[in-house]
Amino acid sequence: MLERVSGPEDLAGLDSVELAALAEEIRGFLIEKVCAVGGHLGVNLGVVELTIALHRAFRSPHDVLLFDTGHQSYVHKILTGRAPGFDTLRRRGGLSGYPSRTESAHDWIENSHASTALSYADGLAKAFQLRGELADGSGDPARRHVVPVIGDGAMTGGLAWEGLNNLAGAGDRPVVIVLNDNGRAYAPTVGGIATHLGGLRAEHGERDEHDKRNMHDKRAEHRAQQLFSDLGLAYVGPVDGHDIAATEQALREAAALGRPALVHVITTKGRGFAPAECDEADRMHAVGVVDPHTGTPTKAPKRSWTEVFGEQMGAIGAERPDVVCVSAAMVLPVGLGEFAGRFPERIFDVGIAEQHAVCSSAGLAAGGLHPVVCVYSTFLNRAFDQVVMDVALHKAGVTFVLDRAGVTGPDGASHHGMWDSAILGVVPGLRLAAPRDPARLAELLREAVAVDDAPTVVRFPKAEAGPDIEAHARMNGVDILYRAAGRPLDVLIVAAGVTARTCLAAAEELDRLGIGATVVDPRWILPINPHLAHLADRHRLVVTVEDSVRSGGMGTALAQACADAESTTPVRVMGLPQEFLAAGGREEILESAGMAVRDIVATAVDGLRAGPRVGPRIGVPDSLELMEIPEIPQIPQIPRG
């Protein structure tokens with residue numbers, strides 16, 4: 001059946017038996033392909049029949065289908081002709097793990113951050129209405145429907161309710177909202193809305209088969225109308241989202257109403273794959289490469305930064321009864337499983353609501369506690385105003401732990417945590433730490449939670465934690481990691497966090513070329529430690545290396561600090577380009593962005609050739625044979641003397 005479907009139009013002629021067979025083939029295809037390369041599995045297994053019904057009831061891309069959160073769009077990709085690309089899912093140059101406008105005309109937006117689709121739908125509906133194109137219930141095929149599909153926890157986000165408020169208040173602007181209610185984000189959804197919807201799901205499950213087919217549970221319908229209909233939305237449902245015919249009928253009914261309508265669809269996350277259905281943690285929401293029969297990883301996972309953080313957070317929780325943790329629907333993904341198990345009364349999951357998480361944490365701090373807000377780096381972008389005005393302005397002792405900082409890899413442009421340093425560097429009083437190894441993570445995390453009168457930030461990547469890198473000495477808070485024995489003070493390499501290992505390898509290569517290098521780790525990268533400007537003034541060139549955007553980060557701040565100190569030492573800033581980076585392997589992306597060992601060496605050599613503005617020029621060979629370094633070697637004993 002799957003071979004017969006190359007686009008949504010191929011669904012129209014299929015009967016109920018063929019549609020059921022297609023659904024099972026798609027489910028098997030997802031299990032085979034996603035288990036082989038990694039990706040979002042559980043949620044997509046839950047939307048197979050729903051997505052088929054959507055593409056039968058509406059005509060994409062003439063009608064606009066918006067998936068929120070975007071990771072539930074795999075079936076949509078399959079039905080719109082992209083099944084052949086699934087072997088390259090989330091790889092460099094391959095199929096995106098989210099809707100992608102560059103992939104297909106069927107993808108209107110690129111939304112990997114949750115709770116956005118209703119606002120997109122509001123804007124699109126307004127545009128189509130002004131242009132005379134919006135569907136109005138008349139059945140005119142020239143007119144266009146706008147259909148946001150929201151679920152997988154996205155309704156817990158405040159932006160979703162702002163969008164819903166505007167959609168419901170425009171009775172003459174029909175939009176068909178599909179609420180994909182599976183009761184979960186990663187873990188079960190939280191809050192009053194989740195409790196209400198949970199009651200509807202329970203009542204829906206108690207029906208006999210006749211009522212289930214005909215959707216005549218008036219008790220559940222009345223309760224839902226209290227929540228949605230009184231807002232101004234027509235309510236259709238609840239409907240079994242794994243019944244293609246019933247779901248298609250409900251969608252067509254809502255589209256014919258000529259007013260804003262919500263179709264309440266109940267689905268099961270992980271449906272049809274026993275390991276996912278039995279996974280109480282997150283229904284195999286996202287997986288790496290796993291066995292398609294058992295769901296277990298094919299390789300033993302290496303110790304990650306997230307695991308190291310989780311262990312340390314559990315220990316800090318035992319040491320500090322005033323420390324509490326706040327998560328935005330991601331308790332397990334950010335490593336808070338141990339803390340939650342040991343101190344369940346001291347962890348708060350607020351749903352996909354980063355703004356609320358930060359502002360609520362300011363309240364926790366005002367109440368005498370020390371909150372630790374744990375989110376992916378890219379998601380803190382959504383709460384910048386709260387960081388500035390609710391935490392920093394109030395001098396609140398709140399610690400932000402940013403997982404997946406820097407280049408993350410397969411999730412692509414929206415998930416790279418490459419903006420945090422540039423954005424947070426302008427916040428008054430905020431201090432930002434970047435540990436280079438597990439020992440420094442433990443150390444800096446404790447230093448961060450000890451600050452009770454300002455925000456602190458600790459950032460680390462999605463990567464293997466690796467071994468510790470011991471310092472030769474610590475001077476005024478700056479760790480000296482390397483000093484070439486017997487060489488002049490030619491180049492000061494300032495490494496931010498996990499770039500230290502690459503910088504040390506570059507220093508070794510510079511030493512081979514006869515160039516003296518010093519490698520330092522400032523530990524707290526923002527604001528700039530004044531001692532760095534002093535060290536810079538003693539060298540002929542400074543090269544800074546950070547896995548965040550060059551503009552506005554540690555490097556540019558150090559250059560400004562050197563200028564303020566009237567140092568004439570030039571500063572070369574290395575970091576990620578100010579552009580959206582595609583998916584790929586972490587090391588692959590860093591290398592393509594000019595962040596490899598050879599790039600650091602070349603930057604240092606070019607800077608020395610240019611020479612300082614004052615004093616003699618440095619002697620550098622005209623031609624340099626830079627050896628290929630496929631992997632960063634183990635750090636040798638640091639020379640003394």
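**Entry 1: the chain overall**

I counted helices and strands to begin with: the protein chain has 23 helices and 20 strands. Both are DSSP runs numbered from the N terminus, helices being H or I with at least four residues and strands E with at least two. I am working on a predicted model, where local features need pLDDT of at least 70, side-chain atom pairs count only at pLDDT 80 or more, and totals for chains, interfaces and linings use all residues. Residues are numbered from 1 along each chain as its sequence is written, and side-chain values use heavy atoms, with hydrogens and water left out.

I looked up burial next: of the 641 residues in the protein chain, 58% are buried. Buried here means under 20% relative accessible area, exposed means over 50%, and partly exposed is in between (1.4 Å probe, protein chains only). For contacts (heavy atoms within 4.5 Å), I took those with a separation of 6 or more, and 76% of them join residues 24 or more positions apart.

**Entry 2: helix 4 and helix 1**

I checked how helix 1 (residues 16-37) meets helix 4 (residues 74-82): the axes come within 11 Å and cross at roughly 110°. Axes are lines fitted to C-alpha atoms, for helices over the stretch in contact, and angles run from 0 to 180 degrees between N-to-C directions. So helix 1 is roughly perpendicular to helix 4; the classes are under 35 degrees for roughly parallel, over 145 for roughly antiparallel, 65 to 115 for roughly perpendicular, and oblique for the rest.

I listed the contact residues: Ile26, Phe29, Leu30 and Val34 from helix 1, and Tyr74, Val75, Ile78 and Leu79 from helix 4. They split into eight nonpolar, no polar and no charged. Ala, Val, Leu, Ile, Met, Phe, Trp, Tyr, Cys and Pro count as nonpolar, Asp, Glu, Lys and Arg as charged, and the others, Gly among them, as polar.

Helix 4 is largely enclosed by the rest of the structure, because eight of its nine residues are buried. Among those buried are His76, Lys77 and Arg82. The cover over the buried residues includes helix 1, strand 1 (39-40), helix 2 (42-45), helix 3 (48-57) and strand 2 (64-68).

I traced an open sheet of seven strands in the order 9-8-10-11-13-12-18, with mixed pairing. Two strands pair if DSSP finds at least two bridges between them. Strand 9 (347-349) and strand 18 (524-526) are the edges, each pairing on one side only. I get an average twist of 25° from one strand to the next. Strand 8 (residues 323-327) runs parallel to strand 9, joined by three bridges, and serine 327 stands opposite aspartate 349 in strand 9.

Helix 18 packs on this sheet, and I found it touching strands including strand 10 (370-376) and strand 13 (456-459); its direction makes about 165° with that of strand 13.

**Entry 3: helix 12 on helix 18**

I also looked at helix 12 (residues 305-319) against helix 18 (residues 438-449): their axes are 10 Å apart, at an angle of about 40°. That makes helix 12 oblique to helix 18. Among the contact residues I noted Trp305 and Phe309 of helix 12 and Leu441 and Arg446 of helix 18. The contact divides into 11 nonpolar residues, one polar and two charged.
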